[in-house]
Structures are given as structure tokens and as C-alpha cells.
Amino acid sequence: MSLPEYLLRLGDNALILSQRLAEWCGHGPVLEEDIALTNVALDLLGQARLWLGYAGELTGRDEDQLAFLRDAGEFRNVLLVEQPNRDFAHTMARQFFFDVWHGLLLEKLSASKDERIGGIAAKALKEVAYHKHRATDWILRLGDGTGESHARMQQAADDLWMYTGELFEMDALEGEMHQAGVGCDLAALHEPWLNEVSRIFREATLEVPKQSWMQRGGKRGIHSEHLGYILAEMQFLQRAYPGAKW
Amino acid sequence: MTPDELFQDRIDRGIKIEPKDYMPEGYRKTLIRQISQHAHSEVVGQLPEGNWITRAPSLRRKAILLAKVQDEAGHGLYLYSAAETLGVSREQMIADLHSGKAKYSSIFNYPTLTWADIGAIGWLVDGAAIINQIALCRCSYGPYARAMVRICKEESFHQRQGYEILLTLCRGTKEQKAMAQDALNRWWWPSLMMFGPHDSESTHSEQSTKWKIKIVSNDALRQKFVDQTVPQGEYLGLTFPDPKLRWNAARGHYDFGEIDWDEFKNVIQGNGPCNRDRLRARIAAHEQGAWVREAALAYAKKHEKRAAA
Ligand SMILES: [Fe+2]
Ligand SMILES: [Fe+2]
Ligand SMILES: [Fe+2]
């Protein structure tokens, strides 16, 4: 029963980040960004549905039961994606850290021995290439823009850095998936990730945060305080009207 | 012929007016007012629907609603561009929206209180918008007419998704059906108001009709909307909140009651349930986004210089 658990990790990351991005809808700094943020949110939501749909088939639950009827302790997303939007700098820093990792991960998963995973990953990879391109662009523009944007971007990077360690954390489940050729060695993604982040930060005149103590727990269901509120909002109708079809 | 006569002659012969063509100042001003108002409506319209994206009751509905609201933002973009061809900048239009000088559709000053409101907006508000916009596809100003053609293609999906939400609710539990009925009760009259005052009260109508900026009269469009919508509501098994609504076989149309014009005027003047919230949200987005726009500009300038050096 490890595969469904593994799929929840993938699906919950996409779902929760999509939910966060959707909060921007109608409130972006400029109309074009409203559209672009919604676009990324839509892509991630589509990916979440594919992962959760697959997980649901293996466990006899549908995507909505998984999204709307699990409590926070059963969610398997990393802490990074549930962090609040705060300002546009925090939103884009979160996105950039995630997208660079997501791209590396999906590249590996597109060669998964599980063909279904390989197919979803290959499809998602194309979308994520665009997400990463866009996020990179904003790191550069904000980092190397004005004094204020630089300070905000640096602050955002510093604030979120401690949530990046979990992305590369290997545990028994990741190990098992890696051994079976279904998943991949997350620890091995750290070097290319750090290289890419450092290269872009240098170009953006930003400093790579030095903080080395990392927060972890999301993948095991131990979350930050934020997830409870995300779920309270997201799950409201399904909880208030049990069993109703929408 | 004078330039104005030549201009009118082109319109009468059905030739589209393009940005570089001569046009009377009044024509330009009327179009700027109308197109920018339409653009603002698309943008402000994101707010009441956006209000339910994070609470959508299924992942499928969430995806559909996200895509729909994204379309509306896109419509805002096309329309701002169409207005810009008349010599007004987007910044100026946005400043006029924020100062209260420019208006947007009053319908978005009503709140979305339940999920059924998202269905009602798609069915009724997009439904009314389509009727307006199909007429405008024949408008005399080329860029506006073409924007309308493009927009109309997307709007039918908006209406369908709204109707489908309500259909699902009406076939659902008792509570869900009550939610749908309540939404129709609240959205029906404001939807009829979307077509504007009676033709007899409408101030710019005559000149706009001559210029083919207005193609069909307010009352005719409203009647078309009622005739089209009432059978759809009956199919849902819902009741319209108008005791005077009934089929008139002699006219071949539905008769319906009088709109509360007091409410209509008050909402336009800023006293609707959400006017202040909507404007506050738009102004906050703009102000909080200022440093982002400045950074993008500063970055572009730096790199222009570096590329030139
Ligand atoms: Fe629209
Ligand atoms: Fe519209
Ligand atoms: Fe629409």
C-alpha cells in the first residue's frame, strides 16, 4: 500500500499550491499576472486530479473524497506549498523553489517503471517548464528591479528557505519507491537544484540564504498551522452537506 | 460632404470605422466610455466569482470556475486594448475606475452568498451579457466589434457551466434545491437591470443608435433575455420571483413586472451591497502591486541599457 501514499505526496503538493495561487485571482499586481497566476493554478489543479485520481483508483476513493474528506494529518504535501501568499515576492519565491524542484522530479518520474506515473509526469513536465520559466523571470525582475523589490525578494527567500530541505528528504517510502524504479532519489536532486537556484540568484543580485536548519514533517502529515485554514475553506461545502453531489 | 457627413455615410453603408479613420469627438468619447466600462466590468466581475474558487465543492467545478474567471480577465485585456486604439491609456482608464469616474456593470455589486450564486451568475449574468454582446458584434467600431466576436465565442461556455451547476443542485438534495431557488430570487431582478433603463429614459440612445454603437434597444434586449430564460428556469423546476411573469400569446412574449428603479439608481450611485468592497479590493490590488510594476519597469530599463552598451 505504499504506492497510494506516494501518489498522495505528489497530488497534495499540486493541489495545495494550486489552492494558494487561486487566492490571487482578481487581486494580482497587474491583469496579465492575474491571468498567468490562474493559469499556473489551473495546470497544478489538473496535475493534482491526475495524481489523486490514480491514488483513488488504488484505494477505492475518488479525487473529491481525497481532496475534501481528509483532515490535515492525512495530507502529504511538503510544508513549502502551504505557506501563505503574503506578497508577490513570497508567492514567486515559493513558486521558484518549488518549480525548479518539480521540474527535476518530473524529469525523473517521466522514466518511472510505473507507466501511469511516467505518463502523468511527462505531461506535467511540459507545463512545469513554463511555470519555472515564469517564476525565474520574476526572481530576476524583482531581485534586480528596485531597492524595494530587491529587499522584498531577499526577505521572501530568507523566510522560505527553511522549507526547501524537505523537498530532498528521503525516508522509507521514498527509498522503497526509488528501489522499485517507480520513484527517484530525491537527495540526488539537491545538487542540481542548488546549482540552478544559485545561478539565478546570482544573476538576480540576491544572496542564497545560509540558514541550514530545515523544517520538515509535511510528507508525514505534520503540517504548519496554515494547512488547517486552507482545508477549512476548501472543504467547507463537502463538510457542510455530507454526501451531496455538486 | 463634410467630414461628419462622410463619416455617417460610411456607417450607414455598414463600413467599419478603424482607429486611424476620422471620427467625431462625441463618437470617440462615447466609445471610450462604453468600452472601458465593459473592460472594468470584466475585471471587477472576477471578484464575486473569485470569491468561491477556493471553496468550490469539487475539483472539477474548481477547474471550470478557474478557467471561467481567467477568461473574464482575458476579456478585460482585449477590451482595454480595444479602448486604447481610441487614444486613452490603460492607466488612465484604471485611474478613472478607482476614482469612481468610470462605472462598471452594477450586477457585480451584488454578493455571492452561496455556491448556487456561481450557477446563477453563469446562467443569468453571462446569459444577459451574451445577448448584449451578440448585438455588439455588429457595432460600427471595428476593434470593438472584433473583440465582441472573440468574447462571444467564450461566453457560451460560461453560461452552460452556470446552468449545469444549477441543474445539478436542482436534482440534488432539498437543501441544494433551496440554495438554487434562493439564488434565482436574488439574481433575477439585478439581471434584468443589466439591460439599463427603459428606452424612454435612456439618455444617449438616439445618437448611439445612429452611430451604430447601440444596435438593439435596452427594452428589446431585455425582452429577448426574459423570453429565452424563463423556459430554462422552468426546466430547472424553479420559480421566478415575479408574480406578473406570464406568457402572453397575443404578443408572443412573456409579460413581466416592473423593475425597482430606485434600487437600480442607488446601486449605480454606489449604494449597492458591495460597491465599496469591490472598489476597495481593486484599489488594494493596484496599490499593493505598484512596487511589482515599478520593479518590472526598472528591470526592463536596466537591461535595455545593458543590451545597448
Ligand atoms: Fe466576459
Ligand atoms: Fe462581458
Ligand atoms: Fe463570461
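**Figure 1. Interface of chain B and chain A in the predicted model**. The two chains bury about 4,000 Å² between them, 68% of it on carbon and sulfur atoms; buried area is the accessible area (1.4 Å probe) that two parts lose on being put together, summed over both. B:Thr54, B:Leu59 and B:Trp291 supply 20% of the area that chain B buries against chain A, more than any other three residues. In contact terms (heavy atoms within 4.5 Å), 47 residues of chain B meet 47 residues of chain A. This is a predicted model in which local features need pLDDT of at least 70 and side-chain atom pairs count only at pLDDT 80 or more, while totals for chains, interfaces and linings use all residues. Residues are numbered from 1 along each chain as its sequence is written, chains are lettered from A and ligands numbered from 1 in the order in which they are written, and side-chain values use heavy atoms, with hydrogens and water left out.

**Figure 2. Polar pairs and helices at the interface of chain B and chain A**. The rule finds two salt bridges across this interface, a salt bridge being a side-chain nitrogen of Lys or Arg within 4 Å of a carboxyl oxygen of Asp or Glu. B:Arg90 forms a salt bridge with A:Glu32, and their closest N and O atoms are 2.4 Å apart. Helices are DSSP runs (H or I, at least four residues), numbered from the N terminus.

**Figure 3. Site of the iron ion (ligand 1) in chain B**. B:Glu42 (OE), B:Glu72 (OE), B:His75 (ND1) and B:Glu155 (OE) coordinate the ion at 2.0 to 2.4 Å. Donors are N, O and S atoms within 2.8 Å of the metal (3.2 Å for Na, K and Ca); water is not among the atoms, so sites may look incomplete. The donor residues are spaced E-x29-E-x2-H-x79-E in sequence. B:Glu42 bridges the iron ion (ligand 1) and the iron ion (ligand 2), which lie 3.4 Å apart. B:Glu72 and B:His75 are separated by about one helical turn because they are three residues apart in helix H4 (residues 59–84) of chain B. B:Glu72 counts as buried at 6% relative accessibility, and B:His75 counts as buried at 0%; buried means under 20% relative accessible area (1.4 Å probe, protein chains only).

**Figure 4. Site of the iron ion (ligand 3) in chain B**. The ion is coordinated by B:Glu72 (OE), B:Asp126 (OD), B:Glu155 (OE) and B:His158 (ND1), at 2.0 to 2.2 Å. Along the chain these donors follow the spacing E-x53-D-x28-E-x2-H. B:Glu72 bridges the iron ion (ligand 3) and the iron ion (ligand 1), which lie 3.4 Å apart. Helix H7 (residues 142–170) of chain B holds both B:Glu155 and B:His158, three residues apart, about one turn of the helix. B:Glu155 and B:His158 are buried.

Conventions
Helix = DSSP H or I, 4+ residues; strand = E, 2+ residues; numbered from the N terminus. Buried < 20%, exposed > 50% of the residue type's maximum accessible area, 1.4 Å probe, protein only. Polar contact = N/O pair within 3.5 Å; in protein donor to acceptor, adjacent residues only side chain to side chain.
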